[in-house]
Amino acid sequence: MTEPVNDAVVIARGLKKNFGDYQAVAGVDFDIPRGRCFGFLGPNGAGKTTTLRMLLGLTPSSAGELSVFGLPVPEQARAVRARVGSVPQADNLDPDFTVRENLEIYASYFGIGRKLARERIGRLLEFAALTDRADAKTDTLSGGMQRRLTIARSLINDPELVVLDEPTTGLDPQVRHLIWGRLAELRSQGTTLILTTHYMEEAERLCDELVVMDHGRILDQGAPAALVRRHVEPEVIEIRAVPNDELERLGQASGCRVERLGTSLYCYTHDPAPLLGKLREQSGLTFLHRPADLEDVFLKLTGRDLRKGA
Amino acid sequence: MKGIYLPRLGPGAFAVWRRNVLVWRKLIGPALLMNFGEPALYLLGLGFGLGHFVGDMGGMSYLAFLASGIIASSAMTTSSFEGMYSVFTRMVPQRTYEAILATPLEVDDILAGEMLWCATKSLFSGIAILIVALLLGVVADWQALWVLPVVFLIGLTFAGPAIVMTAFAKGYDFFNYYFVLAVTPMMLVSGVFYPIDTLPPLMQTMVQLLPLPHAIELVRPLVTGTPLTQVPLHLAVLLGYALVSYHFAVYLVRRRLLV
């Protein structure tokens with residue numbers, strides 16, 4: 001996991017963050033390659049946001065080394081942030097200003113001249129599909145529009161790297177797809193993306209590579225498909241019923257690895273035919289047969305228990 | 001705490017200052033009413049009403065005495081309000097600083113910009129009261145314009161301590177302590193309403209440690225055309241409060257936001 005990647009944008013070694021006795025990030029190593037989309041996948045409290053804040057120099061690390069664009073952080077964080085765009089978990093648009101003014105003011109923080117800013121703002125409004133709302137106050141925008149504006153704002157300095165903390169949490173499916181399309185567009189233009197998410201679909205669609213984090217540690221790292229191959233059997237039969245011992249024995253007898261979670265029983269297998277045959281004989285059982293995906297990896301690696309404070 | 005934070009007066013601070021100017025411009029109506037209306041009421045009510053009974057004070061009409069004192073105290077309260085309520089709003093509920101800190105700006109730049117803005121608001125208030133005082137006929141001559149840079153400096157002097165309070169504040173109610181325990185008592189003992197030399201001797205000495213009496217020692221002679229004394233001392237006290245409080249404000253706000 002620690003061999004150097006050619007042309008890495010971010011390199012972290014032994015990165016730690018303690019808040020008092022609580023270890024938010026417990027010594028992580030990663031290399032983020034240029035021009036790719038790199039994901040941090042993990043449950044709430046896994047240490048994802050803290051890791052991103054350390055990248056921007058907004059949280060001092062407790063130990064370890066971190067560099068972005070080859071510059072040490074936090075020592076050179078100011079120079080790093082000039083080349084990075086940031087989308088925080090919760091929108092922090094300026095409520096005193098309109099959509100366009102928000103972008104203008106933000107450009108001024110980067111020292112971007114008025115003329116260049118005006119050019120970019122025109123393009124970004126288009127990109128975020130907000131051109132017709134340019135003169136609206138931000139508190140009159142819907143949640144999806146505010147999110148799009150926050151993403152547009154993060155691009156005002158034409159960044160080489162964009163860091164997105166849960167970019168689509170709490171948004172409806174249409175907006176989510178629109179944002180995914182825009183992020184894919186950015187990546188295709190060569191921008192490096194780093195995102196945190198707990199949406200498997202988002203990670204699977206967008207990320208070339210990801211790390212699964214929990215309790216401040218990296219549990220594994222790789223391309224989504226490779227992680228699925230490495231950790232779980234290729235096929236899953238999900239039985240939607242309150243799990244009981246009888247069902248569990250049925251799955252095991254058919255050569256499956258069985259996991260219980262909530263109101264479902266998950267049977268992982270290389271050969272689904274025996275269990276499917278038996279299930280079809282039983283009436284009244286709802287079941288779903290699907291290929292294994294990142295969610296199965298996630299649940300296997302991070303455990304199925306509902307954690308404290310989740 | 002490593003090193004000493006000196007005000008970073010670069011383009012970053014200017015960008016933060018400009019942001020606040022643009023917001024102020026949108027709310028200019030109520031802002032101007034506050035700048036002109038309040039001091040005008042004070043001067044008319046107290047200056048004429050109370051002045052009728054008081055007659056002269058400190059060798060000038062009570063109206064002139066009060067107007068020059070209120071220019072200084074109003075610079076203090078204006079800057080303190082901005083440094084507490086407005087800065088808190090931007091720092092905590094509105095999370096404006098969080099957004100700014102994701103750009104190349106740092107806490108040093110933001111607070112330098114905020115202090116310049118607090119001082120700018122003090123300046124607006126100073127201009128307004130000076131105009132009211134001029135209309136009431138208590139401004140001596142053109143040298144009174146020198147009061148404007150002094151008012152700006154007074155704004156800086158009080159912006160820093162206000163932002164230090166903000167760095168500790170959990171909510172707006174916390175500012176009541178500072179107003180009741182610091183701002184209001186200072187206003188009452190610093191020579192705004194009556195000369196300091198009527199205080200007991202020990203108190204007179206202690207009062208010299210506060211910044212407001214020094215502000216008044218500069219403002220009153222400039223407005224009323226009486227001789228200035230000990231100018232370097234007064235300037236040094238005002239500037240000293242501004243610099244030391246800036247340093248602590250940067251330290252405390254960094255500690256609060258960069259965790």
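**Entry 1: a strand pair in chain A.** I looked up S12(A) and strand S13 (residues 264-269) of chain A, which pair in the antiparallel sense over five bridges. Pairing here requires at least two bridges found by DSSP between two strands. Strands are DSSP runs of E with at least two residues, helices are runs of H or I with at least four, and both are numbered from the N terminus. In this pair I noted Val258(A), which stands opposite Cys267(A) in S13(A).

I kept in mind that this is a predicted model, in which local features need pLDDT of at least 70 and side-chain atom pairs count only at pLDDT 80 or more, while totals for chains, interfaces and linings use all residues. Residues are numbered from 1 along each chain as its sequence is written, and chains are lettered from A and ligands numbered from 1 in the order in which they are written.

**Entry 2: the sheet around the pair.** I traced an open sheet of four strands in chain A, with the order S12-S13-S11-S14 and antiparallel pairing. Strand S12 (257-261) and strand S14 (286-291) of chain A are at the edges with a single partner strand each, so one side of each has no neighbour in the sheet. From one strand to the next, the twist averages 20 degrees. Helix H9 (residues 245-253) of chain A packs on this sheet and touches strand S11 (235-240), S12 and S13; its direction makes about 10 degrees with that of S13(A). Angles run from 0 to 180 degrees between N-to-C directions, and axes are lines fitted to C-alpha atoms, for helices over the stretch in contact. Contact means that the C-beta atoms of two residues, placed from the backbone, lie within 7 Å.

**Entry 3: domains of chain A.** I found domain 1 (8-224) and domain 2 (233-291) in the domain assignment of chain A; such bounds come from an automatic or database assignment. Their centres, taken over C-alpha atoms, are separated by 39 Å.

**Entry 4: two helices of chain B.** I checked helix H2 (residues 28-54) and helix H3 (residues 62-91) of chain B, whose axes come within 9 Å and cross at roughly 145 degrees. The residues in contact include Leu46(B) and Gly47(B) of H2(B) and Leu66(B) and Ala67(B) of H3(B).

**Entry 5: where the chains meet.** I recorded 20 residues from chain B and 18 residues from chain A in the contact. On the side of chain B that touches chain A, H1(B) gives the most, with six residues.
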